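Colleague: Hello! Could you show me how to read a structure, one feature at a time?

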Amino acid sequence: MAEAKAYYITTPIYYVNDKPHIGHAYTTLACDVVARFMRLDGRDVMFMTGTDEHGQKVEKSAQAAGVEPLAFCDGVSQNFRDLSPLLNFSNDGFIRTTEDRHTVASQAIWRAMADNGDIYLDSYAGWYSVRDEAYYAEDELSDGANGEKLSPFGAPVEWVEEPSYFFRLSQWQDRLLAYYDEDPGRILPQSRRNEVISFVKSGLRDLSISRTSFKWGVPVPGDDAHIMYVWVDALTNYLTAVGYPDTEAEDFKTYWPADVHMVGKDILRFHAVYWPAFLMSAGLAPPERIFAHGWWTVEGQKMSKSLGNFIPPQDMVDKYGLDQTRYFMMRELPFGNDGNFSHTAMVNRMNSDLANDFGNLAQRVLSMINKNCAAAVPAPGLLTVDDSALLVPARELVDGIRAAIEEQAIHQALAALWDVVGEANRYVDAQAPWALKKTDPERMATVLYVLAEVIRHLAILAQPVVPDAAARLLDQLAVAEEQRSFATLGEAAMLQPGTALPKPQGVFPRYAGSEDDA
RNA sequence: GGCUCCUUAGCUCAGUUGGUUAGAGCACGGGAAUCAUAAUCCCGGUGUCCCCAGUUCGAGUCUGGGAGGAGCCA
C-alpha cells in the first residue's frame, strides 16, 4: 500500500475564562468530521484541541474566586475536555498551556526567534484593556458615563507604560505575502484571505510580545521579569503537541507542518499573520492552511452575555440527540458562513433529512429484506441499467466527497451524500419491490441487494458526521467493524448473499416534541 | 475614511471561462403508491436575478455609479 500522507488538524485552544457553548463545539466538531473522514480514508491523523490557560484575565479571575490560578484552570479546562465524550469528538490529545512540556516549547521558539535577530527589548506605552487583552490608540477610545476611558468594545482601559520585548513583524511583510501567494487555499474562505492580504499590505508594525505587569504565564527565557504575550504562548501549543522543540521527534517529523488550523474568524489574524511569521523566524515551516469559519446566531440574535442566550451543547444533545445535533451544525449552512440556529430549522433537518429521507430509506429496505429474504442478504441476479444507474454513482461518491472535505466544504459533502439518498428512494418507488415479490421474486432480490449495497456505501460515508447512527446501520447490514473504512467501498468488500441480518431498527427517530416548544 | 464580501423563488442557498424557456432543498397545493419512522414518489413558480447606466450579437454572470447588509483596517 502506498504510504498514507499524514494529516494534522487543530482547533484553537479555548480560553478557560469562557464556558463552552455551541460556538466552541462547532469548531471542534468541524475538525472532528474532517479528522474522522481522513482516518477512514487511510490517512494517519493527528487531531488536537485544548485550553489556553495563561494571561492576566485568568490571573484576576482566579484571584476573584480565591483560588490559585492553576486550580482555577483545572476546573474550567475540564469543562472543555468534557465536550469530547458529550459530542463524540475523536481528538487524539488535549493540550493545556500550563503543562511543563508547553513551557519548554514556548521558550524554545522564543529563543529561536531571538537567535534569528527578530526580538529586541524596548518599552511600550499605551491604553491597555485587560478584558480585551489589547492596546488602543488614544483616538480609538470613547468616554464612559463617569468620564473614564473605554475601549471600542466598551471595556475599561488603563494607561500602561512598561518595558517590553518586541517581535520584528515589520520585517516579515514580503515573506508573508509570498507565503499567501504560494497557495490560493492558504487562507479560506477566499474573502478572509483577501482581508488578511490587505491587512499585511497596509504595513506591519513590530509586535509587543511580553508583559511585566503580571506573572501568570510563561517567563521569557533569560529575563524572568517578563512574561510572554499570551498569543506567543498560545499559538505554540500546535508545536508542543507534536513534540517541539525536539524536531527529530517522530510526531514532529510526521505531522509538522499542520494541514489545517481551524479557527473562528475573530482570531484569524493571529493565526494567519503572526503565527506564520513566528514560525518562519524560528526556522520552522508555516501551516498549510488556516480556515476561518463563521458564527452562529440563535433564533436570529447574536449570542451574548447580556442576552444570556448561549446554548450549552448538552442542551442540544439532550433535546435533539447527538448525531442530529452534529448533522445539523454541519449541514445547515455553507461551512465558513455565518448561520442561524433555530428550533424550527433543527427539527426540519432532523425530520426531513435524517428520519424521512435517510432513516426511512434504510428502514423500508431492511424491513423488506427481513420479511421477504429470510432475514439474510439476498442474492442478486444480473444487474439492469437502472441498477447500475444507482449503484455506480454510490460507488463513486467517495471521490466527490473527498474533494469537498479537502477544502473543508463539509456541507457540500453532505449534499452529495443526500443526492444519492434521494436517488435511492426514487429507485425503490420505480422498482416497487413489493410488487415484484408476487411477480418476480428473483428480480426483487436483485433490487433489494442493490439497495443494501447502496445503504452500505451511504452509512460508511456518513460515519464522520453521524458516527453512532452509521455504526448501527452497518451493524444491521452485518458489516464487520474492520470492514468500514473507505477501502471497502466499491466492489472491494461487497455484501455477501446469505449473510444473516438482525431485525432492523430505526436509527434516526423523528423529533418527538417537547413541552417547551414554541 | 480605505478595503473585502454579500444582495437570485415565502425561507436557506447553487449558479463553471458571459450564450437557448434561471436551478436545488425546505415550506405550500394537488395526485400516485402502500415496502417503510403518518415516511416515499410524481406534478405545480408570471422570481423587476437590489437599482441605474455601459461593454457585447447576447449579462444573474464583465465595467462604472448608487442603495442596503456583514466584515477587516485606520
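Colleague: Which order do the three strands take in the open sheet?

Modeller: First, some background: this is a predicted model, where local features need pLDDT of at least 70, side-chain atom pairs count only at pLDDT 80 or more, and totals for chains, interfaces and linings use all residues. Residues are numbered from 1 along each chain as its sequence is written, chains are lettered from A and ligands numbered from 1 in the order in which they are written, and side-chain values use heavy atoms, with hydrogens and water left out.

Now the sheet. Strands of a sheet pair through backbone hydrogen bonds, either parallel or antiparallel. Here the order is 17-16-18, with mixed pairing. Strand 17 (301–302) and strand 18 (339–341) are at the edges with a single partner strand each, so one side of each has no neighbour in the sheet. Strands (E, at least two residues) and helices (H or I, at least four) are DSSP runs numbered from the N terminus, and two strands pair if DSSP finds at least two bridges between them.

Colleague: How many bridges join strand 16 to strand 17?

Modeller: Two, and the strands run antiparallel. Val 298 sits opposite Gln 301 of strand 17.

Colleague: Which residues of helix 3 are buried?

Modeller: An α-helix has 3.6 residues a turn, so residues three or four places apart point the same way. In helix 3, the buried ones (under 20% relative accessible area, with exposed over 50% and partly exposed in between; 1.4 Å probe, protein chains only) are Pro 69, Phe 72, Cys 73, Val 76, Ser 77 and Phe 80. They pack against several elements, including helix 1 and strand 2 (44–52).

Colleague: What lines the largest cavity?

Modeller: On a 1 Å grid over the protein atoms alone, a cavity is a set of points where a 1.4 Å probe fits but cannot get out, and lining residues have an atom within 4 Å of a point. The largest cavity has a lining that includes Val 33, Phe 37 and Pro 464.

Colleague: Is Val 33 buried or exposed?

Modeller: Val 33 counts as buried because its relative accessibility is 1%. Val 33 belongs to helix 1. Val 33 and Pro 464 are 431 residues apart in sequence, yet 4.9 Å apart in space, C-alpha to C-alpha.

Notes: On a 1 Å grid over the protein atoms alone, a cavity is a set of points where a 1.4 Å probe fits but cannot get out, and a pocket is an open set with protein on both sides within 12 Å along at least five of seven lines; lining residues have an atom within 4 Å of a point. Contact means heavy atoms within 4.5 Å.
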